[in-house]
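Please look over the protein model below. The report that follows covers aromatic contacts, helix packing and backbone geometry.

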Amino acid sequence: MDETAEHGMQPETQLVRANEVLPNLIHLLPVTTRPFFPGQAVPLLMDAKHWTATFKAVDRTEHKLIGIVLASSEYAETAEVGDFNSVGTVGRVHRVQRMDDKLQVLVECLQRFRTEKAVKQKAPFSAVVRYFPESETDQTQEVKAYAMAIINTIKELLPLNPLYVEELRMFLDRFGPDDPSHLADFAASLTTSNKIQLQGVLESVELLPRMEKVLVLLNNELEMARAQQEIRKVVEHKMQSQQREFFLREQLKVIQQELGISKDDRTADVDRFRQRLQDLLPPKAARKRIDEELDKLAILETGSPEYAVTRNYLDWLSLLPWGRHSKDKLDLKRGRRVLDQGHFGLADVKKRILEFLAVGILKGEVSGSILLLVGPPGVGKTSLGRSIADALGRRFYRFSLGGIRDEAEIKGHRRTYIGAMPGKFVQALKEVGTANPVIMLDEIDKIGASYHGDPASALLEVLDPEQNKDFLDHYLDLRFDLSKVLFIATANQLDTIPPPLLDRMEVTSLSGYIASEKLQIARKYLLPRQLAQAGLQPKQLRLDHRALRAIIDGYARDAGVRRLEKSLGAIARKAAVKILDGKTTPISVGAEELPEYLGTPLFREERRIGGTGVVTGLAWTAMGGATLSIEAIRVHEFSRGFKLTGQLGDVMRESAEIALGYVMENAREFGADPEFFRDSFLHLHVPAGATPKDGPSAGVTMASALLSLARGEKLARRVAMTGELTLTGHVFPVGGIREKVIAARRAGIRELMLPEDNRGEYQEVPEHIRKGIKVHFVTEFRELVPLLFRKRRGAQPA
């Protein structure tokens, strides 16, 4: 082959004569990437472990021929005879060299063949084949035309892919351009077509159909090469444009610096920080630290990590409102007007806020303070904080403490940590831009604790007027004066607030609203707001007095007005749909139409449970006050026992046991038969069973229920009561009197029995809530008995 490679077409003639005596039985070698064509010199890299035996078998033959066939399997090593394509290319093995675990093989492909019969089913594979020698037929005009088309397409491909030039040179060294068969095979081998398409070309023995398929593949290759060229041009253009812009910008910076028009990034940062600090009055220690950091920034490289840390630190320091305070609006009438515009009722809270404002007017400034607004959800705690800020003319900032478990949220991270930030209070001061804002700490009763620290303990410094003038944030590592800040915290209950933290705050209670108050709030505030949010005019939707009262009683009986506002919003949205559907306005919604808008009422009239052993008690919950009927029955008389149900806590269970012991001891005095308790199994239940309950305030109620059961006599009147009972019969004071009175009024109960020690709390309940309610204050349980089971005697005035 090497001696004849340079004589143009002469080598092909010699090969054809040699191929006339090609053997019918040859060894087969499967490949999986792509088939090979006659006229190619193919380098192969095969696995030595699997194919060494095959090439040794080929080397033992005289002709050194092997048949290369395309297999459909994923790997050649796993191919079986059934995976082989029937048409392949026979080639002569010129060189086999082992490199580590691979065989480097050079094969010269000679001619097409078709497998007639597989002789050996496992490697080394062998088969009987039939050859398809290239016949020297006269070239028709059609063949010449296809050959010219293939040549022209290859010429178009050459500028697009330089690799084609070397391949073409190797082809012309062995064959001429007027050899259409080898030209077609060569053109097919140039393409990146998939193996199925190339196998189709290999199986096309007839020249004209083969050239048709090759021309299609070449044109596809040409289109893909052109597309790649266009993509390359676009990418190069973008890169050149970006590089050009970069160099121009760098040149512009140098020119501006030479002319004194602009400065480098480091100088610009330093000047910007100094510009911010001109209008601020940081204390001496802070000013010294800032100057030191500015000097350090001036000598650091802009690309160093320390530069970024120092720059961020100075950014925070220069954005804090050192010595910048907003001017308070010290006008008592204006403050009263702002509070009345935003909230209905809440006279006690408004009174306390106006007192706070009046002190500030007399002093000439409103000093920092810490207020705690406690009340059930939806009573207006958060909105009241905004109104206080408006009344004072101060900036307002709110953040929720609910769920915070990391001390760093309060006092910041230390600057040594990646991504360190100041705490919430420093962030708030940066946001509002003044050193005397109103900061609301929402949900302070839901603050948590974890291994990251105790945020509640971190708040002790912030909420202590004696300490917060020198508040130290870990990130700033500088003292900042928070004594001018007005802190307003909100909570639903006091039990979960740590005592040291609670001690630093002035507690103001916001009790729930009664139905008449909700009615006024709905008319003045909630309904207009919901109409505006729904895009409705006031004349387009009308709710009469009965409808609003039905909403309050049937859908929004909670202590606050949040559920009431949601119900009004639902009505407004459904009315908007009806208006767009063409219904005439105004749309009137009465009490009878409410189920159409809101569905079945969530609340119904409280069932009046009466009878022997049933007494109504008053309870306090996070949602406000509630009434509950305590029931006592005698299950049987076979054995003595006492059972409690209703998810009662430990304290409430102890209260029940105290009540039973006290009533048993004094049964005769109270008109009951002492023998009743001897062999009775008693069951005391507190509805609703799914709601957990605890606390000592149901002691007198439980004792009254047990005494009613022992006497076999129901109560003489509808009355509700609350109070802690001791073993000796004393009635101790309880909490939540306002909420409990509101709950009794909501339930239609107009006669109450309260501990004498709670007389003061009752007197603080607004007059409109106490109106029409008769209260009996007692110091011992003995005073209750004649009031419960006989005509009222000696009732103390409310």
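The sections below start with the basis of the model and then go through its local features.

## Basis

This is a predicted model, in which local features need pLDDT of at least 70, side-chain atom pairs count only at pLDDT 80 or more, and totals for chains, interfaces and linings use all residues. Residues are numbered from 1 along each chain as its sequence is written, and side-chain values use heavy atoms, with hydrogens and water left out.

## Aromatic pairs

Rings of Phe, Tyr and Trp (its six-membered ring) pair if their centres lie within 6.5 Å; planes under 30 degrees apart count as stacked, over 60 as edge-to-face and the rest as tilted. The count by this rule is 13 aromatic pairs. In one of them, the ring centres of phenylalanine 84 and phenylalanine 125 are 5.0 Å apart and the planes stand at 80°, so this pair is edge-to-face. Phenylalanine 84 lies in the loop between strand 3 (65–70) and strand 4 (87–99), and phenylalanine 125 lies in strand 6 (residues 125–132), so the pair ties together parts 41 residues apart in sequence. Helices (H or I, at least four residues) and strands (E, at least two) are DSSP runs, numbered from the N terminus. Both phenylalanine 84 and phenylalanine 125 are buried. Buried means under 20% relative accessible area, exposed over 50%, and partly exposed in between (1.4 Å probe, protein chains only).

One aromatic cluster is formed by Tyr397, Phe399, Phe425, Phe471 and Phe487.

## Charges over rings

A charge sits over a ring if NZ of Lys or CZ of Arg is within 6 Å of the ring centre and within 35 degrees of the ring normal. The charged end of arginine 415 sits over the ring of tyrosine 313, 3.6 Å from its centre. Arginine 770 has its charged end over the ring of tyrosine 762, 5.8 Å from the centre.

## Helix packing

Axes are lines fitted to C-alpha atoms, for helices over the stretch in contact, and angles run from 0 to 180 degrees between N-to-C directions. Helix 11 (residues 332–342) and helix 13 (residues 381–392) pack at about 155°, with axes 9 Å apart. They are therefore roughly antiparallel. Angles under 35 degrees count as roughly parallel, over 145 as roughly antiparallel, 65 to 115 as roughly perpendicular and the rest as oblique. In helix 11, Arg334, Gly335, Val338 and Leu339 meet Leu384, Ser387, Ile388, Asp390 and Ala391 in helix 13. Contact means heavy atoms within 4.5 Å.

Helix 18 and helix 19 pack at about 120°, axes 10 Å apart. That makes helix 18 oblique to helix 19. Ala515, Lys518, Leu519, Ala522 and Arg523 in helix 18 meet His545, Leu548, Arg549, Ile552 and Asp553 in helix 19. Within helix 19 (residues 545–554), Ala547, Leu548, Ile551, Ile552 and Gly554 are buried. Their cover includes helix 18 (515–533), strand 14 (541–543) and helix 20 (562–580).

## Backbone geometry

Most residues other than glycine have a negative phi, and most peptide bonds are trans. A cis peptide bond joins alanine 123 and proline 124, with omega about 0°. Proline 124 is in the loop between strand 5 (102–120) and strand 6. Another cis bond joins threonine 585 and proline 586, again with omega about 0°.

Aspartate 100 has a positive phi, near 55°. Its place is the loop between strand 4 and strand 5. At 71% relative accessibility, aspartate 100 counts as exposed. Glutamine 647 also has a phi near 55°, but at 43% relative accessibility it counts as partly exposed.
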